[in-house]
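Please look through the sequence and the model together before reading on.

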Amino acid sequence: MEFFQNKEQQPNIPDELPMLPVRDVVVYSYMILPLFVGRESSVAAIEDALSNNRLIFLATQHDATEEDPLPEGIYKTGTVATIIRMLKLPDGRIKILIQGLAKARIIEFIQQRPFYRVRLEQIEEPVVQTIDLETEALMRNIKEQSEKILTLKNMYSPDVVAILESIEDPGRLADLVVSNLKLKINEAQAVLEILDPVERLRKVNELLGKEMELSTMQAKIQSQAKEEMTKTQREYFLREQLRAIQSELGEIDEKSKEIKEFSEKIIKARMPKPVKEEAFKQLGRLEQMHPDAAEASMVRTYLDWLVEMPWSRSTRDRLDIKEAKRVLDDDHYNLEKVKERILEYLAVRKLQKKMKGPILCFVGPPGVGKTSLGRSIARALGRKFTRISLGGVRDEAEIRGHRRTYIGALPGRIVQGIKQVSSNNPVFMLDEVDKIGADFRGDPSAALLEVLDPEQNFSFSDHYLNVPFDLSRVMFITTGNLIDPIPSALKDRMEILNISGYTDEEKLHIAKKYLIPRQLEENGIEAGDIKFSDEAILNIISLYTREAGLRNLEREIASICRKVARKKAEDAIGLTRVTEANLHKFLGAPKFLPENEVEIHEPGVAIGLAWTSAGGEILHVEVSLMKGKGNLTLTGHMGDVMKESAQAALSYARSRASKLKIKSNFDLLDIHVHVPAGAIPKDGPSAGVTMATSLVSALTRMPVRRDVAMTGEITLLGRVLVIGGIKEKALAALRANIPTIILPESNKKDVEEIPRNIRRRLKFVFVKHMDDVLDVALARNDQ
């Protein structure tokens with residue numbers, strides 16, 4: 001920026017001129033400065049000025065970001081300037097060199113398009129005829145302070161000082177100084193609008209004093225920084241010299257090499273800012289320690305964990321829903337609800353990129369494929385898979401890790417699993433979540449609350465790492481055999497999906513498609529060496545296994561495959577056929593007989609249905625009557641709830657004795673209720689109707705139908721109440737070839753959850769009262 005010094009006669013300023021709104025600068029009289037013009041309206045205004053008298057009015061706009069300012073967004077006081085030079089740039093902009101001539105004020109906006117044209121009133125500044133003592137002191141002070149500021153900023157120049165000394169006009173001196181101060185637009189505009197030169201000089205003197213303080217402080221800061229930089233450079237130079245000397249002597253600085261490697265790994269890990277700061281802080285501590293110090297080893301281990309964690313490493317999700325469905329169908333048969341939930345997640349993930357990972361819980365009997373389903377989900381999503389077992393875990397530190405103050409401290413198993421797969425968005429399976437324990441070392445289930453809460457796990461803090469790690473992108477899947485043992489707070493954070501047992505037909509399909517090919521491969525034999533008939537597989541399922549899942553079925557198939565592998569190893573060539581007729585040669589005598597073959601059909605024996613962690617089971621309740629004194633004996637390892645059900649059944653039978661045509665005197669009878677097998681603990685209210693039926697059967701000497709199984713809770717008045725595990729109990733009845741099931745009326749809705757092919761093969765009888773149960777279950781004389 002320069003100032004025009006000649007005091008030649010200025011040209012006459014017309015009343016109307018084109019106006020150029022300027023931003024980030026206030027133009028003063030006699031100022032010479034370049035301007036870059038790019039707006040179409042501004043270019044049009046310049047072209048109009050050049051085609052006439054080269055005069056243009058410059059006014060500053062209030063908001064520098066406003067691209068097309070309105071009249072009310074432009075200061076009314078500005079400067080009339082002449083365009084000295086004009087240059088068109090390649091990018092379409094115009095560069096002009098202007099010189100301020102005189103102040104003016106906008107009276108009226110004549111036009112706004114295609115450029116502003118305004119009517120002006122020239123502002124005549126009062127002329128200072130005589131410079132008094134105060135004004136001269138002000139001018140001298142301003143000149144001296146300006147020189148000091150220039151010196152502090154290393155901008156001192158004799159030419160600039162000569163210009164300052166040559167100016168005798170107070171107004172022009174004020175304009176020259178203020179134009180070189182980096183003032184805010186409103187402050188610079190306020191100085192422009194002060195008409196009295198002496199008053200303007202006082203204002204500039206005040207602003208200059210403030211600038212002097214700022215410049216002094218800035219110079220002080222720069223000096224301190226330079227001293228610190230000089231010290232750092234000196235230390236760096238000495239270290240480099242030391243390194244060069246050690247290199248010449250053949251001494252390798254292992255510590256410096258280690259520090260450098262850690263520093264590079266920290267940068268490469270792309271950690272979040274707080275984690276990066278902590279890493280460099282610990283690295284600084286390690287640099288100050290002796291390499292053989294005990295604490296140095298702890299810090300090294302900690303830094304190893306930090307740099308190896310996948311802070312920014314993730315796998316890309318495979319969002320092809322059809323391909324994911326194919327993968328899930330290839331790996332697992334049926335399980336439609338679980339597959340549908342995974343495909344829904346993929347569909348939402350495809351539409352919403354920043355979706356939090358779901359927390360799923362698979363609940364079902366052992367061997368139904370909960371863990372293998374987790375692997376299939378990872379394969380379908382294109383993610384890595386890791387799992388930990390929580391069965392028997394009693395220490396909270398297993399989840400959250402140990403604090404680094406302890407010897408041998410390590411992160412928790414969550415962080416270990418994430419590091420192991422080296423990805424921050426794996427499928428993470430937590431097996432046996434219903435078998436977590438708790439003792440004096442803490443409650444691991446409480447620690448899992450943060451891990452499995454999408455609103456909290458974005459900043460999970462392991463005690464060992466002591467820095468937040470984002471778990472929100474991890475897809476957690478938990479598994480369990482029962483829902484009840486899972487703490488309610490933990491259960492509330494998970495979406496529970498029940499996986500029931502399989503029917504014989506489903507097991508047959510799974511065995512042919514999955515189990516047999518896998519066992520052939522594991523035992524080193526080929527499909528041409530062995531052939532299973534469907535009848536043989538169904539006999540294995542019904543006579544050699546009794547389970548909801550598939551583990552024992554696979555063991556039996558493996559046993560047959562091993563025998564064929566032995567024959568092949570002994571050079572016996574040919575196809576081995578496994579049929580219904582020769583199955584016993586491979587597996588021996590059947591381990592289980594069909595229930596209708598082992599059942600003794602006599603009064604006092606009823607078949608109930610139970611729900612265990614292994615799925616549905618059938619339950620035999622036997623009642624024996626003896627002469628005695630009215631005692632009730634309960635055996636078969638019953639729990640308290642089951643014993644109470646037996647008491648309620650007896651009370652019901654006694655209260656309805658006349659209607660049920662019971663002629664026996666209860667006071668002269670001892671009643672013994674037994675539930676085989678005696679070594680297995682049993683409990684729950686659902687055996688109530690079975691006990692009541694067997695008791696009434698024994699008392700009336702009417703046998704219970706062998707093709708009927710039942711379940712339900714009984715009250716003293718004989719009402720039958722709702723129970724759970726309907727699908728598992730239905731499967732148990734199907735496995736035992738029992739076609740009729742008696743259920744409480746309130747469980748009618750649950751039957752809809754049973755697959756249609758199973759419902760077709762069973763007859764469900766819904767009852768409200770124990771009398772209805774007896775009408776169906778007892779084989780009366782007329783039947």
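## A charged pair and its network

With which residue does Arg200 form a salt bridge? In this predicted model, the partner of Arg200 is Glu125, and the closest N and O atoms of the two are 3.2 Å apart. Because Arg200 lies in helix α6 (residues 197-249) while Glu125 lies in the loop between β7 and α2 (133-152), the pair ties together parts that are 75 residues apart in sequence.

Arg200 counts as buried, with 0% relative accessibility, whereas Glu125 is partly exposed, with a relative accessible area of 26%. Both residues belong to a network of salt bridges that also links Lys103 and Asp175.

## Other salt bridges

A search of the whole structure finds 40 salt bridges. One of them joins Arg400 to Glu450, with the closest N and O atoms 2.3 Å apart; Arg400 is in helix α13 (residues 397-400) and Glu450 in helix α15 (residues 444-451), 50 residues apart. Both of these residues are buried.

Arg113 and Asp68 form another salt bridge, in which the closest N and O atoms are 2.8 Å apart. Here Arg113 is exposed, with a relative accessible area of 54%, and Asp68 is partly exposed, at 38%.

## Two helices in contact

Helix α18 (residues 534-544) packs with helix α19 (residues 551-569) at an angle of about 125°, their axes being 10 Å apart, and the two are therefore oblique to each other. Their crossing is right-handed. Ile540, Ile541 and Tyr544 in α18 meet Leu553, Glu556 and Ile560 in α19, a contact with 5 nonpolar, no polar and 1 charged residues.

Conventions:
Residues numbered from 1 in each chain as written. Predicted model: local features only at pLDDT ≥ 70, side-chain atom pairs only at ≥ 80, totals over all residues. Heavy atoms only, no water. Axes fitted to C-alpha atoms, helices over the stretch in contact; angles between N-to-C directions. Helix = DSSP H or I, 4+ residues; strand = E, 2+ residues; numbered from the N terminus. Parallel < 35°, antiparallel > 145°, perpendicular 65-115°, else oblique. Left-handed = near helix turned anticlockwise from the far one by under 90°. Contact = heavy atoms within 4.5 Å. Nonpolar A, V, L, I, M, F, W, Y, C, P; charged D, E, K, R; others polar. Salt bridge = Lys/Arg side-chain N within 4 Å of Asp/Glu carboxyl O. Buried < 20%, exposed > 50% of the residue type's maximum accessible area, 1.4 Å probe, protein only.
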